[in-house]
Amino acid sequence: MPSWTKQARFEREVMPHLDAAYNLARWILHDPHDAEDAAQEATLRAYRFLDTFRGSNAKAWLLAIVRNSCLTQLRRPRPGSLEAAPTDGTDSMEAYAMGLTPAASPESALIEKDQRDLVDRCLQELPIEFREVVVLRDLEGLMYKEIGDAIGAPLGTVMSRLSRGRALLQKAVSVRVKGGA
Amino acid sequence: MADTHVVEQHVLEQIDGYLDGEFDLATSLAIERHLEACPPCRTEADSRRALLARIAAETTRFAAPDTLRHRVLRVIAAEAGGSPWPARRMPRWVLLVASFALVAVLSSGTTAYLMRGNPAPGVEEQVVASHVRSLLVAGHLTDVASSDEHTVKPWFNHRLDFAPPVSDWAAQGFPLLGGRLDYVDGHTVAALVYGHRRHLINLFVWPDGAARPQPLELSARQGYAVVHWSDGAMVYWAVSDLNGGELRDFCEGLRGGTPNR
């Protein structure tokens with residue numbers, strides 16, 4: 001493919017999903033700079049491998065690459081990094097569930113703000129293996145099949161992770177509401 | 001009793017797939033039947049549905065910073081154009097035609113037209129600043145909050161010496177949220193506010209002093225998409241955190257006329 005056609009195709013098919021790419025990176029990595037780096041690296045890789053992409057959903061394809069770039073970043077040993085790469089999820093799920101104690105009663109002025117980003121905070125604290133499927137499905141609208149391709153897991157795993165992730169999130173939100181209000 | 005319990009467990013695990021529309025019709029119908037008959041499962045499905053609604057409404061979707069967008073485009077332009085390939089691969093006649101066209105443009109009055117036609121950078125800056133301000137200042141977004149064009153239109157008519165076209169595009173997914181007066185480029189202008197999913201669009205409208213129609217032009221500033229055009233009677237500036245393509249499509253629709261319902 002001549003490179004100017006490739007560039008045009010990239011701008012038409014991939015660039016519209018740059019927000020989604022950055023959003024996923026932010027939710028996986030948290031840090032804005034790391035997220036920008038990962039999203040950039042992934043997007044440029046998508047450009048280089050554009051010729052190999054034959055599918056119909058460029059967004060799902062790009063997000064799979066973003067997810068890989070993020071995991072590469074997480075595996076890079078970095079001092080002070082709190083985030084660990086995903087495991088099978090059992091340990092982190094238990095840890096998350098154990099940590100679900102009602103939040104300390106905030107000052108009244110803070111309550112409103114507190115409630116407004118409640119879901120954000122609970123999602124942020126969700127273990128990464130659950131958080132990534134919730135973000136891919138509930139924020140980016142990917143089908144289970146596409147999520148499975150992105151995270152390299154069979155449909156059954158996608159379904160159970162999403163289900164457990166949402167259940168944890170639901171619990172976290174309701175605990176915080178009771179604790180905070 | 002034990003049997004019921006097993007069935008119940010089974011459906012609880014399938015609620016997410018069911019709500020996400022991932023099952024075939026037969027399975028979905030079976031789950032639906034079970035939910036009708038089983039209050040605990042139904043409660044679970046309802047609260048899950050409520051959670052999904054909260055996630056959709058309240059979770060932050062981080063927009064790619066402008067710096068990222070520009071950097072990616074720059075690197076790709078360099079990779080595409082930096083090698084000798086594109087020039088060689090591009091048919092010779094394309095370059096020839098392009099150079100003739102350039103000469104023709106430069107040597108005709110068209111240049112003056114194009115230069116005048118280009119929106120003043122100051123205006124773009126102002127509408128983006130106005131868009132940002134409308135989001136930051138509580139209660140500043142709309143002075144008249146209504147999805148009813150028949151409420152918004154007369155509201156403007158009483159306050160402006162021109163009548164901005166007001167239409168609701170809810171059927172296309174862009175509901176009209178209201179309007180306010182704003183001040184851009186030395187004019188009092190109409191600002192119409194539209195929503196799309198969780199994004200907001202400010203559409204600034206004022207009379208076209210030059211009375212010169214201009215085609216849609218998409219640009220980006222500070223991470224916001226900006227679309228500008230004129231139909232000869234009114235100048236339009238749309239600003240949003242939507243992606244550029246979506247904003248342009250919406251503006252094409254606006255420019256095309258009244259929405260289909």
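## Chain A at a glance

Of the 181 residues in chain A, 41% count as buried. Keep in mind that this is a predicted model. Chain A has 10 helices and 0 strands, so if you walk along its sequence, you read the pattern α-α-α-α-α-α-α-α-α-α.

What about contacts that link separate parts of the sequence? Take those in chain A between residues at least 6 apart: 73% of them join residues at least 24 apart.

## Two helices that cross

How do you describe a pair of packed helices? You give the angle between their axes and the distance between the axes. The crossing of helix 4 and helix 9 of chain A is right-handed.

Which residues make the contact? Helix 4 of chain A brings A:A60, A:L63, A:A64 and A:R67, while helix 9 of chain A brings A:E146, A:D149, A:A150 and A:I151. Sorted by class, this contact has 5 nonpolar and 3 charged residues, with no polar ones.

## Where chains A and B meet

The two chains touch as well, with 33 residues of chain A and 34 residues of chain B taking part. On the chain B side, helix 1 (2–19), helix 3 (39–58), helix 4 (66–82) and helix 5 (85–89) each supply at least two residues. Helix 3 of chain B gives the largest share of that side, 8 residues.

And what kinds of residues does chain B use to touch chain A? That side has 16 nonpolar, 11 charged and 7 polar residues.

Terms used
Residues are numbered from 1 along each chain as its sequence is written. Chains are lettered from A and ligands numbered from 1 in the order in which they are written. This is a predicted model: local features need pLDDT of at least 70, side-chain atom pairs count only at pLDDT 80 or more; totals for chains, interfaces and linings use all residues. Two residues are in contact if their C-beta atoms, placed from the backbone, lie within 7 Å. Helices (H or I, at least four residues) and strands (E, at least two) are DSSP runs, numbered from the N terminus. Ala, Val, Leu, Ile, Met, Phe, Trp, Tyr, Cys and Pro count as nonpolar, Asp, Glu, Lys and Arg as charged, and the others, Gly among them, as polar. A crossing is left-handed if the near helix is turned anticlockwise from the far one by less than a right angle, and right-handed if clockwise. A residue is buried if 20 or more other C-beta atoms lie within 10 Å of its own, exposed if 12 or fewer, and partly exposed in between; C-beta atoms are placed from the backbone.
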